[in-house]
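Subject: Structure for your review

Dear colleague,

Please find below the structure that I am handing over to you. I would be grateful if you could read it alongside the notes that come after it.

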Amino acid sequence: MNLLEMKNIRKSFGELSVIRDISLSVTRGEVVSIIGPSGSGKSTLLRCATFLETIDSGFISYMGQVAAQEDATGAITYCTHEEMKKIHGYFGLVFQNFNLFPHYSVLKNIMDAPIVVQGRQKSEVREEAMALLEKMGLADKADFYPYQLSGGQQQRVSIVRALAMNPEILFFDEPTSALDPELTIEVLKVIRQLAEEHMTMVIVTHEMQFAAAVSDRVIFMDGGIIVEEGSPEQVISNPEKARTRQFLDMYNNR
Amino acid sequence: MSFFTMLETMSSGMLKTCAIFFLTLLFSLPLGFLVSFGRMSKNPILRNIVKVYISIMRGTPLMLQLLVWYFGPFYLFQIPIRGYRFTAIILGFAFNYAAYFGEIFRAGIESMPQGQYEAAKVLGYTKVQTFFRIILPQVVKRILPAVTNEVITLVKDTSLAFSLAYQEVFSIAKQISSSQTSFMPFLIAGVFYYIMNYAVAFAMERMEKSMSYYR
Ligand SMILES: Nc1ncnc2c1ncn2[C@@H]1O[C@H](COP(=O)(O)OP(=O)(O)O)[C@@H](O)[C@H]1O
Ligand SMILES: [Mg+2]
């Protein structure tokens, strides 16, 4: 069974057709990277998968539970509020600009949702949060506020915040694009570590070497469609499509 | 009349001024939140009604509004207005200040980055949880300076209740001054307003400090 199943997704903003019939399934433990020029619809695809945008047509399910599908007339219907609450527990999303809660300490950023949303025991959540911070080398920052941290540290905290919800799958939308090169390295290291632990992940990134190293599958998107898809060797090292080659050349000659 | 007799006579007016001040805040702050929600509502009818309300409240003198609240019921509906004076004053002040607070709250809420809502949504917070746990605390911090300005203006605006012959500190000062041909009551009233605003500024500064632990 696929952990995530997206079929024939379409999404327009007014006249602008941004996602044009994309299907994407992810199995447990798989790491999928999405690459492509800016404006190709990568963020929108993740936002559709995480229900920050509603789709115009297609099908989405998590763990076999249908979240969105077309009814007989072709209109999209989303599952009930209760079902959606459950499905929300299956995924996490790491944003390009972190979106930490500035009025909460690092620890509270991490602990608040598990306690408030999932209704878990405070002591147990704290233990787990501290263990995760330890793992990320941030244990000494537990009582800091986001503004006191570097961008790389903030992004690692936001990854911990997502992990503390125990998601089945984690989405990353250009997690290092707002960071300096040396801070990028520390964040990529953390994601690589998660990949080694077989965390299921979908990562939108411009870091080609990183994508090649951690991914089981690479997807090249352009103009709202999947142009090419396959192993990193296929897509990044030996792309078949001219459009993919052109994009990668541009990257290598930067 | 000695200084202390004046002070004593005026003290009842000071209490009434404080009553207008605190009751206005008590009603206009929550009402201001409703106004801001109405102003941001997706329902165009509600949104436009609130817009017109705000524009009237801000576009006409508060003194005129007080007169309308007080005499309106009688002139429009022949309802006797005996014993209604204080209620009219509080209604006038509360609805006027709610319009100003409403606009401040709206500006504060609209200034919040979309990413805060999105992060909360992905983490599974409900809309109500998101508003009260994530958005509101940050909005309060952002709008505090603007609210302080309004509250300081309110302290001084309470003197407008004199237009309905309400015996707050300014009205009494005027009466004593003309009966005693003395300048002293004005001085006392001035010092009173100043001290009250000093206290307001002090309290608001404390609040701002209590929220300065983050940026
Ligand atoms: N909320 C929106 N309203 C209108 N247009 C949007 C919106 N979000 C994205 N777009 C447009 O959709 C296209 C794809 O955007 P996006 O998914 O962010 O691309 P990418 O992440 O690959 O750079 C862009 O042309 C962008 O301007
Ligand atoms: Mg993007």
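The notes below take each chain in turn and then the contact between them.

Please keep in mind throughout that this is a predicted model.

Chain A

Chain A contains nine helices and 11 strands. Its C-alpha atoms occupy a box of roughly 50 × 50 × 35 Å along the principal axes. Among the contacts in chain A with a separation of 6 or more, 63% are between residues 24 or more positions apart.

As for its surface, chain A exposes about 11,200 Å², and 47% of that area is supplied by carbon and sulfur atoms. The chain carries 24 positive and 33 negative side chains; the centres of these two sets lie 2 Å apart.

Chain B

Chain B has eight helices and zero strands, so that, as the definition of these elements has it, the order from the N terminus on reads α-α-α-α-α-α-α-α. For this chain the C-alpha atoms fill a box of roughly 70 × 45 × 25 Å, again taken along the principal axes. Of the 215 residues in chain B, 45% are buried. Residues 24 or more positions apart provide 75% of the contacts in chain B with a separation of 6 or more.

The accessible surface of chain B amounts to about 11,600 Å², with 69% belonging to carbon and sulfur atoms. Its charged side chains comprise 19 positive and 9 negative ones, and the centres of the two sets are 7 Å apart.

The contact between the chains

The area buried between chain A and chain B is about 2,100 Å², and carbon and sulfur atoms give 61% of it. Which three residues supply more of the area that chain A buries against chain B than any other three? They are A:Phe101, A:His103 and A:Tyr147, which together supply 30% of that area.

With kind regards

Conventions: Residues are numbered from 1 along each chain as its sequence is written. Chains are lettered from A and ligands numbered from 1 in the order in which they are written. This is a predicted model: local features need pLDDT of at least 70, side-chain atom pairs count only at pLDDT 80 or more; totals for chains, interfaces and linings use all residues. Side-chain values use heavy atoms; hydrogens and water are left out. Helices (H or I, at least four residues) and strands (E, at least two) are DSSP runs, numbered from the N terminus. Contact means heavy atoms within 4.5 Å. Accessible areas come from the Shrake-Rupley method with a 1.4 Å probe; for residues, only the protein chains shown count as cover. Lys and Arg count as positive and Asp and Glu as negative; His and the chain ends are not counted. The place of a charge is taken as NZ of Lys, CZ of Arg, CG of Asp or CD of Glu. Buried means under 20% relative accessible area, exposed over 50%, partly exposed in between (1.4 Å probe, protein chains only). Buried area is the accessible area (1.4 Å probe) that two parts lose on being put together, summed over both.
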